[in-house]
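This report goes through one protein chain, part by part. Keep the sequence and the 3D view open while reading.

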Amino acid sequence: MKKFIAVLLCLFMLTGCGSKTALGIVSKRYAAGADMANDGRAETKTTCCALTLDDKGKVLDISIDMVKSHFDFDSKGVITNDIAEEVFTNKELKDDAGYKRNSKLNKEWYEQAEAFENWAMGKNIIDVLNAANEEQPEEGKGEPLSASVDMDLTDILEAVQKAYIQIQAQNEENNSRKNKSE
């Protein structure tokens, strides 16, 4: 997780003139209560997107990752696992993330995330946000995203959209300052 944050900070520092970088984060919580026969579990899944766009909305850089953390508890509410255990992102876990077994493409989460990032590079942000609706590309324009990504993109696209909203807010703030100085 520390490496991921360091990479994001570098992206912010390396942002060039005319481009904007922002971070979008989506966190979701899940819980299964304990009963006399079973322990319970509380889980948080956080998906992050660092996004850099040029002034026309073209994706110059994109990095996505996801981290899951959880704690288990018994019927008395006592935590039963080591909550001090280090938590790794899916890109850090690589083949140990456990997504490959559910992939029809036989790809792990990090492989699909990298395929999504490569697919998004150079595209207009609106086209990226419409990835879930993507159809067959025109002749000679590459493969469809579905040829390299079969995982659910809901949280990833939501994180991309949040980063895009941050960039729009930066642009509005810059335009407001520019108008005030004129």
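## Burial and the predicted model

A residue is called buried when its relative accessible area is under 20%, exposed when this area is over 50%, and partly exposed in between. Lysine 91, with a relative accessible area of 18%, is therefore buried. The model is predicted, and the values below are computed from it.

## The sheet

Strands of a sheet pair through backbone hydrogen bonds, either parallel or antiparallel. Here three strands form an open sheet in the order β1-β2-β3, and the pairing is antiparallel. Strands β1 (20-32) and β3 are the edge strands, each pairing on one side only. On average, neighbouring strands of the sheet are turned by 10 degrees against each other, direction ignored.

The antiparallel strands β1 and β2 are joined by 13 bridges. In one of these strands, β2, glutamate 43 is the bridge partner of tyrosine 30.

## Helix α3

How many residues does helix α3 have, and how far does it reach from its first C-alpha to its last? The helix covers residues 109-120, which makes twelve residues, and it reaches 16 Å. That is close to the 16 Å expected at 1.5 Å a residue.

Nine of the twelve residues of α3 are buried, so the helix is largely enclosed by the rest of the structure. The buried residues are Trp109, Tyr110, Gln112, Ala113, Ala115, Phe116, Glu117, Trp119 and Ala120. Just after α3, glycine 122 has a positive phi of about 85 degrees.

## Salt bridges

Side chains of opposite charge can pair when their charged atoms come close. The count for this model is five salt bridges. In one of them, the side chains of aspartate 72 and arginine 41 meet at 2.7 Å, N to O. This pair links distant parts of the chain: aspartate 72 is in strand β3 (residues 59-73) and arginine 41 is in strand β2 (residues 40-53), 31 residues apart. Aspartate 72 has 16% relative accessibility and counts as buried, whereas arginine 41, at 34%, counts as partly exposed.

A salt bridge is also formed by the side chains of lysine 45 and aspartate 155, at 2.9 Å, N to O. Because lysine 45 lies in strand β2 and aspartate 155 in helix α5 (residues 154-181), the pair ties together parts that are 110 residues apart in sequence. Lysine 45 counts as buried at 18% relative accessibility, and aspartate 155 is buried with a relative accessible area of 10%. Both residues belong to a network of salt bridges that links Lys28, Lys45, Asp155 and Glu158.

Lysine 91 and glutamate 117 form a salt bridge through their side chains at 2.5 Å, N to O. Lysine 91 lies in helix α2 (residues 90-93) and glutamate 117 in helix α3, so the pair ties together parts that are 26 residues apart in sequence. Glutamate 117 is buried, with a relative accessible area of 10%.

## Aromatic pairs

A pair of aromatic rings is described by the distance of the centres and the angle of the planes. The model has two aromatic pairs. Phenylalanine 71 and phenylalanine 73 form a tilted pair, with 6.1 Å from centre to centre and 50 degrees between the planes. Phenylalanine 71 counts as partly exposed at 34% relative accessibility, but phenylalanine 73 is buried with a relative accessible area of 17%.

Phenylalanine 116 and tryptophan 119 also form a tilted pair, with 5.8 Å centre to centre and 35 degrees between the planes. Both lie in helix α3, three residues apart, which is about one turn of the helix.

## Backbone angles in a loop

Most residues other than glycine have a negative phi. Lysine 94 is not a glycine, yet its phi is positive, about 50 degrees. Lysine 94 is placed in the loop between α2 and α3, and it is partly exposed, with a relative accessible area of 40%.

Asparagine 106 lies in the loop between α2 and α3. Its phi is positive as well, about 60 degrees, although asparagine 106 is not a glycine.

Conventions:
Residues are numbered from 1 along each chain as its sequence is written. This is a predicted model: local features need pLDDT of at least 70, side-chain atom pairs count only at pLDDT 80 or more; totals for chains, interfaces and linings use all residues. Side-chain values use heavy atoms; hydrogens and water are left out. Helices (H or I, at least four residues) and strands (E, at least two) are DSSP runs, numbered from the N terminus. The expected span of a helix is 1.5 Å times one less than its number of residues. Buried means under 20% relative accessible area, exposed over 50%, partly exposed in between (1.4 Å probe, protein chains only). A salt bridge is a side-chain nitrogen of Lys or Arg within 4 Å of a carboxyl oxygen of Asp or Glu. Rings of Phe, Tyr and Trp (its six-membered ring) pair if their centres lie within 6.5 Å; planes under 30 degrees apart count as stacked, over 60 as edge-to-face and the rest as tilted. Two strands pair if DSSP finds at least two bridges between them. Axes are lines fitted to C-alpha atoms, for helices over the stretch in contact, and angles run from 0 to 180 degrees between N-to-C directions.
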